[in-house]
Protein chains: 2
Amino acid sequence: MHGYELRKELTAKLGAIRAAISYGSLYPTLRRLQAAGWITEAAETSATAEEVPALTSRRGRVVYTITAEGKERFAQLIAQAGPETYDDTGFGVHFAFFARTDQATRLRILEGRRRKIEERREGLRDVLGRAAERLDAYTLELQRHGLDACEREVRWLEELIANERSGRAPTVPPGTAGGRREDNSPPPPGESRKERP
Amino acid sequence: MHGYELRKELTAKLGAIRAAISYGSLYPTLRRLQAAGWITEAAETSATAEEVPALTSRRGRVVYTITAEGKERFAQLIAQAGPETYDDTGFGVHFAFFARTDQATRLRILEGRRRKIEERREGLRDVLGRAAERLDAYTLELQRHGLDACEREVRWLEELIANERSGRAPTVPPGTAGGRREDNSPPPPGESRKERP
DNA sequence: CGTGCGATGTATCGGTCCGATACATCGCGG
DNA sequence: CCGCGATGTATCGGACCGATACATCGCACG
């Protein structure tokens with residue numbers, strides 16, 4: 001992909017959990033990745049393969065391609081999910097690769113995220129319990145809203161964890177909008193067997 | 001207050017909507033505010049007034065006090081809420097001052113935030129509608145969760161707006177935990193009459 | 001028929017903020 | 001009596017954002 005496309009893709013995948021990545025972050029990062037050998041850059045060659053709709057000779061786009069080493073490294077990065085993984089951005093990034101990792105990793109990430117949110121939730125409960133009389137009604141209202149959001153996320157994570165343990169793909173609750181079921185489900189319980197080369 | 005105390009206070013007030021502010025941000029900001037004349041710094045004098053519980057001669061704390069000019073400026077800042085106000089942090093900060101502004105400002109901020117969240121919501125609906133078949137089941141699940149969160153926040157904001165319009169203080173739904181009703185309600189519909197000096 | 005605007009696209013720069021770290025004191029429990 | 005967690009001030013490097021600049025393309029609208 002080229003940068004612009006990559007950003008749109010990322011926005012589509014992570015838009016639910018964080019804002020779009022800025023170009024001031026994207027392009028330097030791509031160059032760093034290239035310098036480290038994870039990806040390669042290439043000025044667009046006119047006709048590589050499939051241009052079905054509009055092949056109107058675009059301007060100089062730069063196409064980035066992941067290398068074998070890059071795939072290796074990325075897979076490792078996702079598989080060894082540490083606690084730093086569980087903030088919004090980190091969780092989002094790892095979640096974006098869920099369909100490409102094994103169940104054990106998915107569970108580790110989901111449970112780490114749950115712990116993180118539970119901590120947040122306890123903090124809010126503390127405030128609402130202990131410091132309630134010191135705060136004005138508006139602030140209390142904000143805390144209550146935040147607490148509610150935490151509780152909902154924990155419940156959501158618990159559903160995902162339960163599904164994961166039972167080997168099922170994430171269920172699509174019939175209530176919600178837009179959820180037409182397709183066959184793009186993640187790999188059924190079969191694991192990837194790569195450990196450490 | 002001194003820095004540490006200030007941070008705890010901010011965390012208690014804004015913990016529901018953003019992470020705690022870092023010291024690397026707090027102390028330089030305090031110094032900038034002092035340089036601009038919004039606040040004053042003072043090394044702690046041993047006995048100013050009320051030390052009821054433990055007056056055990058602390059180490060050199062720095063006490064920051066808002067100046068008259070600072071109050072003026074802050075009030076202006078809150079009152080002239082622009083669109084930049086409506087991201088998480090900006091909204092949180094302005095919300096923390098709700099009990100100290102007038103109803104018109106409160107409404108402006110709430111409605112701005114609502115618009116912001118509605119845009120986010122539309123983005124997610126677009127993804128779920130248009131790009132659904134391109135995304136894996138996990139990503140779709142994340143979008144659905146995010147969409148749900150947006151819808152809930154919009155509903156929450158709408159309640160606050162309705163209450164605001166009817167001149168009532170924010171209601172405390174009897175269901176939630178920790179919400180003991182106290183008399184620290186915001187100023188009843190009476191406005192502050194400051195416009196621009 | 002032109003023209004202007006929004007989408008596509010690459011790129012940089014200044015400034016803000018975080019995360020880690022350092023250092024010092026105090027009270028408490030083991 | 002010793003260490004650890006809370007209180008407290010402070011800095012530094014690095015990551016990231018927001019604004020900006022520049023260039024091309026297609027389409028809508030006058």
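Author: The crossing of H5(B) and H6(B) is left-handed, meaning that the near helix is turned anticlockwise from the far one by less than a right angle. By class, this contact of H5(B) with H6(B) has 13 nonpolar, three polar and 12 charged residues, where Ala, Val, Leu, Ile, Met, Phe, Trp, Tyr, Cys and Pro count as nonpolar, Asp, Glu, Lys and Arg as charged, and the others, Gly among them, as polar. This is a predicted model, in which local features need pLDDT of at least 70 and side-chain atom pairs count only at pLDDT 80 or more, while totals for chains, interfaces and linings use all residues. Residues are numbered from 1 along each chain as its sequence is written, and chains are lettered from A in the order in which they are written.

In chain B, helix H5 (residues 103-130) and helix H6 (residues 137-165) pack at an angle of about 160 degrees, with their axes 9 Å apart; the axes are lines fitted to C-alpha atoms over the stretch in contact, and angles run from 0 to 180 degrees between N-to-C directions. H5(B) and H6(B) are therefore roughly antiparallel to each other, a term for angles over 145 degrees. Helices here are DSSP runs (H or I, at least four residues), numbered from the N terminus.

In chain A, the crossing of H5(A) and H6(A) is left-handed.

Leu124(A), leaving aside neighbours within four places in sequence, is in contact with Gln143(A), Gly146(A), Leu147(A), Cys150(A), Gly15(B) and Ala16(B), contact meaning C-beta atoms, placed from the backbone, within 7 Å.

Definitions and conventions. Helices (H or I, at least four residues) and strands (E, at least two) are DSSP runs, numbered from the N terminus. Angles under 35 degrees count as roughly parallel, over 145 as roughly antiparallel, 65 to 115 as roughly perpendicular and the rest as oblique. Two residues are in contact if their C-beta atoms, placed from the backbone, lie within 7 Å.
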